[in-house]
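Biologist: Hi! Could you walk me through this one?
Modeller: Gladly, let me put it up.

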Amino acid sequence: MIRNVIFDFGAVLFEWNPHHIVNSFTTSPSEREILLRDVLQHPDWLSLDRGTMLIAEVIPKFSARTQIPPPRIEDFIAHIQLSLTKIQQTETLFNQLTQQPYSLYYLTNMCSAFFDTLYEKHHFISFFDGGLVSGKELVMKPEQEIFLRLCDRYQLTPQESLFIDDNSENIQIASALGFNTIQFDQTTSCFQQIEKQLFLH
């Protein structure tokens, strides 16, 4: 029996599309390519998510690597945060679940600063019963440690928990640890699958 529902943030509760992010920031094909490859897809971005580097530290590194001036990189970082808009249908699902006898948690790879901004901006996050942010924990998905830490901190049993994430690797690890899982995409069939598993009508 499922008692807990665990949500990823990026591409589940909030839009996360790197190509769209760079395309909506600049019309320059070369700048788009550089920002995608040398910022969003660079290992330093993972360090930011992991919490082993701060935004103030990565800006000069990104600038030096890309030859894009620091103020422009700062603008891009701000643009990324503005791009994290709510996925309305998932928020509706979340609100529906708050009226049900489920405990609700989040498990997200995100730097602390981004999470804090989202928390201040979106009131519904305060209705979660708890959760872990990689940037605050210094460990991230798909590493087993962050899943085990979530269970330990909130006394969760994987077999009684449904984990919803868009990343196949994260889903595989969670499944191996005994979680019920649904790989998320923004399709009607995916939402129907979630509703069926949670007996929502």
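**Helices, a pocket and cysteines**

Modeller: What covers the buried residues of helix 11 includes helix 6 (88–97), strand 4 (161–165) and strand 5 (180–183). Covering here means contact, with heavy atoms within 4.5 Å. This is a predicted model, where local features need pLDDT of at least 70 and side-chain atom pairs count only at pLDDT 80 or more, while totals for chains, interfaces and linings use all residues. Residues are numbered from 1 along each chain as its sequence is written, and side-chain values use heavy atoms, with hydrogens and water left out.

Biologist: Which are the buried residues of helix 11?
Modeller: In helix 11 (residues 188–197), Cys 190, Phe 191 and Ile 194 are buried. They sit on the same side of helix 11 because they cover an arc of only 95° around the axis. The arc is taken from the directions from the helix axis to the C-beta atoms. Buried means under 20% relative accessible area, exposed over 50%, and partly exposed in between, with a 1.4 Å probe and protein chains only. Helices (H or I, at least four residues) and strands (E, at least two) are DSSP runs numbered from the N terminus.

Biologist: Which exposed residues are on the face turned away?
Modeller: Thr 188 and Lys 196 are the exposed residues there. After helix 11 comes Phe 199, with a positive phi near 55°.

Biologist: And helix 9, which residues are buried there?
Modeller: Ile 146, Phe 147, Leu 150 and Cys 151 are the buried residues of helix 9 (residues 144–154). Their arc around the axis is only 140°, which puts them on the same side of helix 9. Their packing partners include strand 1 (4–7), strand 2 (103–108) and helix 10.

Biologist: Switching topic, what volume does the largest pocket have?
Modeller: About 620 Å³. A pocket is an open set of points on a 1 Å grid over the protein atoms alone, where a 1.4 Å probe fits, with protein on both sides within 12 Å along at least five of seven lines; lining residues have an atom within 4 Å of a point. The volume is the space filled by probe spheres set on the points, which are joined across faces, edges and corners.

Biologist: What lines the largest pocket?
Modeller: The lining has 24 residues, with Trp 16, Trp 45, Leu 46, Asp 49 and Asn 109 nearest the centre. Helix 3 gives the largest share, three residues.
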